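Hello,

Here is the structure I said I would pass on. My notes on it follow below.

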Amino acid sequence: MRFLYLFFLFISLQTTSAQNQFIPDDMPYNTALNNAKAQGKPVFLMLYADWCPHCNLMKKEVFSDPAVIDFLKKNYVCVWKNIEKEEGTALKNKFNTKSLPSFLFIDPATETLLYALKGELKKEVFMTEVNNALNPKLQLPYLEKEFLADPSNVDKFFNYLNTLKKGKDRTDLSIPTHIYLNTQSDAQLISETNWRVIANGVTDIKSREFQYVLSHNKEFAAVASQSRIDRKTESIITESLRPYVDNLDTTNYYKQREIAKSIRLQKVDSLVFKFDLTLAERTEKWQFYKKVTLESTQKLVWNDASSLKDIGQTYLKHISDTESLKKSIVWIKHAIELNDSYDGNLLLARLYQKIKDKKLALQYAKDAKEISKEMNWNPKEVDALLKELNAK
């Protein structure tokens, strides 16, 4: 009897779970447009991917709620598209979607984007937003029209910008930002309000506004703060270089790199240095890697033992000329001065082995062995190296 009770309880729980599980309806997009026109409703389009954890969490915690789905179906014609399938890929490109999940609210007659959201949202926030998306005076076309009718009005600008950035990436905010900023003189830029405009929407290193910030750093720091100016500078450099690194686009990276380097700030140089090394490693451009590290390692990461050892490991694997290897030995010796470590001594022994200095290779290998004993670590790697060195 007890067994039967547990069995039926298990079946009941499984049934309840299945009922609450969200299963996207793969309605064709054009069918959704036609249905929405006929019913006088907007289209609600979710773009997702099976591998996206934020998409899956939204399905599990928001769209599994019948009240959420009932509201959406009552007020919208809903479409759910996987961006890795044919129609989903086309819609991702059509609406220039860069973040997942993305929620697009579309006028079916014109395919105008009325509202957009991106990322993982709590149920309460999501429900507030899908209600807002039904209000014509909170929709993007209305807010854009109001702003363009009075582009120097900062309140209308922020009303539009703050709604736009709910569903768009920072680069998509650039056009309205520059429309507003073009109504401001250079002197007017130096204000807390206009700094917020610049911080939120300027993404072009070469723009008048960002160059003005660089040349009037102290004045902007007085109305904002130096840390905010520094964060914006780091952000704009990152946004300008990372896409080319991610896409392994060396041609455009080198062009943008020269613009970034022209700023001549150590924080900028440090960021560019890190992007240089990442791109060189991913594209296996070891001559470029060597050039950058020989020029800037001691200037930019001299007191960072971890970075010095990372560079040394790359030299051990990929750089062959003796003079450059000797330079990397100087870096690792300094890393050991900063932090006398097992891995630092072992790396130094291997670098000396690579330039055929057996005596010093043995010395640092023995130092690594001593550290492994003190720390009670497995000496397998260093023992293998000592055996190899002693055999020659």
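**What was found**

Arg264 is exposed, with a relative accessible area of 69%; exposed means over 50%, buried under 20%, and partly exposed in between, with a 1.4 Å probe and protein chains only. This arginine, Arg264, sits in the loop between helix H15 (250-261) and helix H16 (266-283). Helices (H or I, at least four residues) and strands (E, at least two) are DSSP runs, numbered from the N terminus. The phi of Arg264 is near 60 degrees, a positive value in a residue other than glycine.

Before going on, two remarks on the source. The model is predicted, so local features need pLDDT of at least 70 and side-chain atom pairs count only at pLDDT 80 or more, while totals for chains, interfaces and linings use all residues. Residues are numbered from 1 along each chain as its sequence is written, and side-chain values use heavy atoms, leaving out hydrogens and water.

Lys356 also has a positive phi, near 65 degrees, and is not a glycine. Its place is the loop between helix H20 (342-354) and helix H21 (358-374). Lys356 counts as exposed, at 73% relative accessibility.

A cis peptide bond joins Leu100 and Pro101, with omega about -10 degrees. Pro101 is in the loop between helix H5 (86-94) and strand S3 (102-106). As background, most residues other than glycine have a negative phi, and most peptide bonds are trans.

How many disulfides does a search of the whole structure find? The search finds 0, where a disulfide is a pair of cysteine sulfur atoms within 2.5 Å. Cys52 is buried, with a relative accessible area of 3%, and Cys55 is buried as well, at 0%.

Now the chain as a whole. The protein chain has 22 helices and 4 strands. Its radius of gyration is 29 Å, whereas a compact globule of 392 residues would have one near 21 Å; the radius is taken over C-alpha atoms, and the globule rule is 2.2 Å times the number of residues to the power 0.38. The C-alpha trace spans about 85 × 85 × 35 Å along its principal axes. Of the 392 residues, 45% count as buried.

Contacts (heavy atoms within 4.5 Å) were also counted. Among those between residues at least 6 apart in sequence, 63% join residues at least 24 apart.

Regards
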